[in-house]
Amino acid sequence: MAKLTFYGHATFGLETDDGTRLVIDPFFGDNPACDVSVDDVAADFILLTHGHFDHVADAIPLSERTGATIIASYEIAAYMEEKGRPASPQHIGGGVEYPFGHVKMTPALHGGKLDLPGGEKFTTMAGGFLITLVGGQRFYHAGDTSLMTDMQLLKGLVDVAVLPIGDRFTMGPADAVRAIDFIEPKVVIPCHYDTWPPIEQDAAAFAAAVGDRAQVQVMMPNALFEF
Ligand code: NI
Ligand code: MN
């Protein structure tokens, strides 16, 4: 079983069957939805969907302490290498085979600024990740994105989908339901909501709107989901 831990906002830990620890979009210290210190998190790989602060804030300290390799778009990976961090550059549409499984960067419609000191010249595009673990589980973290017709290309490829529902900066609940119609995952985990007042949402109402399209797993921060 893969073990998925939600740290609030868009931050997830994913431990594979063989014990490899992935951390997606590490945002701990300034994350109001998270009471876990980045100092207490284990990581072998850190995956960054895009460069906004609420997705990369703790990437460097986490990599410095654990030695974890940072998987990100070419431009963010170049920034991380400049900071002395081990990085594996990828880009949208491209997949890489890692010891724990296959990671493909998926498109996202969203901003591409890198919100770290000196990051201005590292312009990039936002993305998401389609992760196929060695154990066979297929996991999709959409990143920050609007609804896109491109999501139809993920149909049949995803068991567990993490989708933003916060509205304002990403899809809201209604568009997330349409995304589920496109992707047809077995399980949906909403994220990127309730972190701050501007993205407050009613997760129970979202689950009701999804209905029998998929199993909605509303995760409280620090909750664990196995699949
Ligand atoms: Ni963003
Ligand atoms: Mn965000």
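**Notebook: the two metal ions**

I began with the bridge: D144 joins the nickel ion (ligand 1) and the manganese ion (ligand 2), which lie 3.1 Å apart. I kept in mind that this is a predicted model.

Next I looked at where the bridging residue sits in the chain. D144 is in the loop between β10 (138-141) and β11 (160-164), while H52 is in the loop between β4 (45-47) and α1. The two are 92 residues apart, so I noted that this pair links distant parts of the chain.

I then listed the nickel site. The nickel ion (ligand 1) is coordinated by H50 (NE2), H52 (ND1), H110 (NE2) and D144 (OD), at 2.2 to 2.3 Å. I wrote their spacing along the chain as H-x1-H-x57-H-x33-D.

I checked the angles. The four donor atoms around the nickel ion (ligand 1) subtend 86 to 173°, which makes the arrangement irregular.

I looked up burial. H52 has a relative accessible area of 17% and is buried. D144 is buried too, at 2% relative accessibility.

I moved on to the manganese site.

D54 lies in helix α1 (residues 53-56) and H192 in the loop between β12 (187-191) and α5 (203-210), so they tie together parts that are 138 residues apart in sequence. I found both D54 and H192 buried.

Definitions and conventions. Residues are numbered from 1 along each chain as its sequence is written. Chains are lettered from A and ligands numbered from 1 in the order in which they are written. This is a predicted model: local features need pLDDT of at least 70, side-chain atom pairs count only at pLDDT 80 or more; totals for chains, interfaces and linings use all residues. Side-chain values use heavy atoms; hydrogens and water are left out. Helices (H or I, at least four residues) and strands (E, at least two) are DSSP runs, numbered from the N terminus. Buried means under 20% relative accessible area, exposed over 50%, partly exposed in between (1.4 Å probe, protein chains only). Donors are N, O and S atoms within 2.8 Å of the metal (3.2 Å for Na, K and Ca); water is not among the atoms, so sites may look incomplete. Four donors count as tetrahedral if all angles lie between 85 and 135 degrees; four count as square planar and six as octahedral if opposite donors are over 155 degrees apart and all others between 65 and 115; anything else is irregular.
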